Amino acid sequence: MRNQQTIQGIISVIAVICLAAGWVNIFSPEVSNILSKRVFYVIIGISFVLQAPFLSNKNFIYPMYAAAGLCIIGAFLPLDSRLAGMKTLGLLGGIILSFSNRQRQA
């Protein structure tokens, strides 16, 4: 479990770096666009895939895989496609599933 948390943390940091590099435009506009609108969603999708088997509520496992699939598939669609928004839907769904899986501390 500890090893899985370490991997999740590393993946999250990489995703944030991709998103920040895309926003700040450190690189050319094309590279920044790829980092923030494609690579970010692929990395988040991988994170969701790795997180799914460890969800405490077993009813959330397949929806988390679905969220990951939406992120990854959506990242490869043309940016001007009407279906490209599925990656954002996958991201929001995965975040909601992650937060609703957290143990409540009193």
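At 11% relative accessibility, S36 counts as buried, where buried means under 20% relative accessible area for a 1.4 Å probe run over protein chains only. The model is predicted, so that local features need pLDDT of at least 70 and side-chain atom pairs count only at pLDDT 80 or more, while totals for chains, interfaces and linings use all residues. Residues are numbered from 1 along each chain as its sequence is written, and side-chain values use heavy atoms, with hydrogens and water left out.

S36 sits in helix α2, a helix being a DSSP run of H or I with at least four residues, numbered from the N terminus. Leaving aside residues up to four places away in sequence, S36 touches C18, L19, G22 and Y41, contact meaning heavy atoms within 4.5 Å. Other buried residues of α2 include L35, F40, I44 and F48, and the cover over the buried residues of α2 includes α1, α3 and α4. α2 also bends by about 35 degrees at L35, the bend being the angle between axes fitted to the seven residues ending there and the seven starting there.

The elements that follow each give two or more residues to the lining of the largest pocket.

| Element | Residue range |
|---|---|
| α1 | 2–24 |
| α2 | 29–51 |
| α4 | 86–101 |

A pocket here is an open set of points on a 1 Å grid where a 1.4 Å probe fits, with protein on both sides within 12 Å along at least five of seven lines, and lining residues have an atom within 4 Å of a point. The largest pocket is lined by 22 residues, with Q8, Q51, S98, F99 and R102 nearest its centre, and α1 gives the largest share of that lining, six residues.

Methods
Buried < 20%, exposed > 50% of the residue type's maximum accessible area, 1.4 Å probe, protein only.
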